[in-house]
Amino acid sequence: MFGLPDITLLTVGITIVVVIAALVYWGLTFEGHD
Amino acid sequence: MAADPVTIAVVSLYFIGMLAIGAWASKKIKNTEDYLVAGRSLGFWVFVLLMIGTVCSGMSLLGVSGLGYKAGWPTIWEQIFVPLSIGFCVIFFGVKLHNVAKTSGYMTVQDYLAHRYESPVALRSLAAVAGIIVSMIYLVGQYTAIAIVLMWLFAIPLWLALIIATLVTMVYTAIGGLYAVAWASLIQSVILIVGVIIMAPIIIFYAGGFTHVNEVMASINPNLVMPWNPSGAFAVPYIFSFAILLMVGLACAPHVINNVLSIRDVKYFKWAPLAAFLIYGAAMFLLKFSGFAGLTMVKEGIFALPAVTNAQDYVILYGIQYSIPTIAFWGIFAVIVLAAVMSTTDRLMLTIGAMVSWDLYKKVLRPDASDKNVLLLSKIVVVLSAISTMILAINPPDMLAILIWMGIGVMLSTFAVPLLAGMYWRGATRQGALAAMSLGLVTALIFGFLNYFKVVFAGVNFATIPLHFSFYSFVIAIIAMIVVSIATKKTTEKILDETQTGWYISK
């Protein structure tokens, strides 16, 4: 797809999904009271 | 290319706008706290865009696309880990620093280090001097980027380009402090992100589309479309050290981490990491793809890069010149590049000003100095740092990205271990921090020198070491911290509690 090997799409795609999931988790669990 | 009236008008308007922000911000400066941490009053979007603007540097446009042109997809990790550095900074450093700063009144990260390690003179001074050195290295890279753009745009000599860029940035930073830097960054980041999102797809379209670009790259060398390059510089081990370098090194850089002291409310840390990652990440990916498109266009003979040693840093400039042959757009694009560079340059100069006036002068040399004198000294140092770095940038390096990574590498080796160990390990001691910081700084400078000048020493070719040079000095700093801390007297429990030291983040 897109002229790219599967390994490139998979490694880059999975990394991005994991990073976004981690940051969403942080946002949902951080209460942040001053 | 030669300058035309439209381009001159667009760029001049941008410069005038930045100076106007400086003039407006200068009216808000009543004391050193206003100048250095914007009175701890920044809102969510000003903070997010300040972080993006601080991290997004000259490398973000010229260097990112230049590296994409040179090494292809194996460099794509830069586009994930640079935007992630903002989240790393907020989550692992920001929450604790902000919470402790509420009662301790920190102005700089050196205030935290002095408090946590009970070292008001030695560690503070070392951290300030190290911060000044790494910020100067980083600044030279930024000025080089500004000069490349102005030389391209106006066909003027390097020295004149440097003077113009230095003067504008220096004036608004010196008079407006962090208020000016933050609001300028807000505008600069919006210009950058909107500009890249509009212009990068046009370059990719004119190169034949995303799929065509990847196919051409694969035909040049199949490794250019792989996620790593086993036969080149971007093999898996190197990418691992590269990720640490970018994510942790940028997060602990003084000019980045000091921003967390300027927010109004800790609740902004809830979604700032995600917002920054998504916004900045999108722009960064598009920039890298523009570099790929430039490679395709050069390969297909659509345009040729100039015959200079750092030709790849010009790829996006030539790409835009070909794809959008409308003079007004060149001026707008020049403003985008200038915005990216200046948003880091101003923050670096202000950070150097803070380290000299607050950490060295007020906290070490003259504790009885008045607030007025500290404020005045901050402004003088901003001016001096701008001028001295400009002189250093007169001989530009071969490749912009390399110099800027070198600056980040020295930051990683110097600050990451004392900060992470200080916040999360109650066993970390003053002597451990001093050893980690000094050894990290010295070994990073040595390894960086050996790597940059391709030295072969004791049978090791430093040009081809498998990891980024900073990773070795980072490991040396970790070992120094652990060994020396175990052997020396522990920090008092009172200080450890005050600084919220321990393996937790207060949620």
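Biologist: At what angle do helix H6 and helix H7 of chain B pack?

Modeller: This is a predicted model, so every value here is computed from it. Helix H6 (residues 109–116) and helix H7 (residues 122–154) of chain B pack at an angle of about 150°, and their axes are 8 Å apart.

Biologist: Parallel or antiparallel, then?

Modeller: An angle over 145 degrees counts as roughly antiparallel. H6(B) and H7(B) are therefore roughly antiparallel to each other. Their crossing is right-handed.

Biologist: Which residues make the contact?

Modeller: From H6(B) there are B:Gln110, B:Leu113 and B:Ala114. H7(B) brings B:Leu123, B:Arg124, B:Ala127 and B:Ala128. By class, the residues of this contact are 5 nonpolar, 1 polar and 1 charged.

Biologist: What about the loop between H6 and H7 of chain B, which residue lies there?

Modeller: B:Glu118 lies in that loop. Phi of B:Glu118 is near 50°, which is a positive value in a residue other than glycine.

Biologist: Why point that out?

Modeller: Because most residues other than glycine have a negative phi.

Biologist: Which other residue has a positive phi although it is not a glycine?

Modeller: B:Arg40 is one, with a phi of about 50°. B:Arg40 sits in the loop between helix H2 (32–37) and helix H3 (44–55) of chain B.

Biologist: And how many C-beta neighbours does B:Arg40 have inside 10 Å?

Modeller: B:Arg40 has 19, so this residue counts as partly exposed.

Biologist: Back to helix packing. At what angle do H9 and H12 of chain B pack?

Modeller: Helix H9 (residues 210–220) and helix H12 (residues 272–299) of chain B pack at about 60°, with their axes 9 Å apart. The crossing of H9(B) with H12(B) is left-handed.

Biologist: Which residues does each helix put in?

Modeller: On the H9(B) side they are B:Phe210, B:Val213, B:Val216, B:Met217 and B:Ile220. On the H12(B) side they are B:Phe289, B:Phe292, B:Ala293, B:Leu295, B:Thr296 and B:Lys299. The contact divides into 9 nonpolar, 1 polar and 1 charged residues.

Biologist: Let me pick B:Ile220. Where is B:Ile220 found, and how exposed is it?

Modeller: B:Ile220 belongs to helix H9 of chain B. B:Ile220 counts as partly exposed because it has 13 C-beta neighbours inside 10 Å.

Biologist: How far is B:Ile220 from B:Ala433?

Modeller: The two are 213 residues apart in sequence, and their C-alpha atoms are 48 Å apart in space.

Biologist: New topic. Which helix holds B:His98?

Modeller: B:His98 is in helix H5 (residues 78–104) of chain B. B:His98 is buried, because 23 other C-beta atoms lie within 10 Å.

Biologist: What does B:His98 touch?

Modeller: Leaving out residues up to four places away in sequence, B:His98 touches B:Val260, B:Leu261, B:Ile263 and B:Val266.

Biologist: How far apart are B:His98 and B:Thr345?

Modeller: Their C-alpha atoms are separated by 24 Å, and the two residues are 247 residues apart along the chain.

Biologist: Zooming out, how many helices and strands does chain B have?

Modeller: Chain B has 19 helices and 2 strands. The C-alpha trace of chain B spans about 65 × 55 × 40 Å along its principal axes.

Biologist: How does the radius of gyration of chain B sit with a compact globule?

Modeller: With 507 residues, a compact globule would have a radius of gyration near 23 Å, and chain B has 22 Å, so the value agrees. Of the residues of chain B, 61% count as buried. Among its contacts between residues at least 6 apart in sequence, 85% join residues at least 24 apart.

Biologist: And what is chain A made of?

Modeller: Chain A has 1 helix and 0 strands. Its C-alpha trace spans about 50 × 10 × 10 Å along the principal axes. Chain A has 34 residues, and 15% of them are buried.

Conventions: Residues are numbered from 1 along each chain as its sequence is written. Chains are lettered from A and ligands numbered from 1 in the order in which they are written. This is a predicted model: local features need pLDDT of at least 70, side-chain atom pairs count only at pLDDT 80 or more; totals for chains, interfaces and linings use all residues. Helices (H or I, at least four residues) and strands (E, at least two) are DSSP runs, numbered from the N terminus. The radius of gyration is taken over C-alpha atoms; the globule rule is 2.2 Å times the number of residues to the power 0.38. A residue is buried if 20 or more other C-beta atoms lie within 10 Å of its own, exposed if 12 or fewer, and partly exposed in between; C-beta atoms are placed from the backbone. Two residues are in contact if their C-beta atoms, placed from the backbone, lie within 7 Å. Axes are lines fitted to C-alpha atoms, for helices over the stretch in contact, and angles run from 0 to 180 degrees between N-to-C directions. Angles under 35 degrees count as roughly parallel, over 145 as roughly antiparallel, 65 to 115 as roughly perpendicular and the rest as oblique. A crossing is left-handed if the near helix is turned anticlockwise from the far one by less than a right angle, and right-handed if clockwise. Ala, Val, Leu, Ile, Met, Phe, Trp, Tyr, Cys and Pro count as nonpolar, Asp, Glu, Lys and Arg as charged, and the others, Gly among them, as polar.
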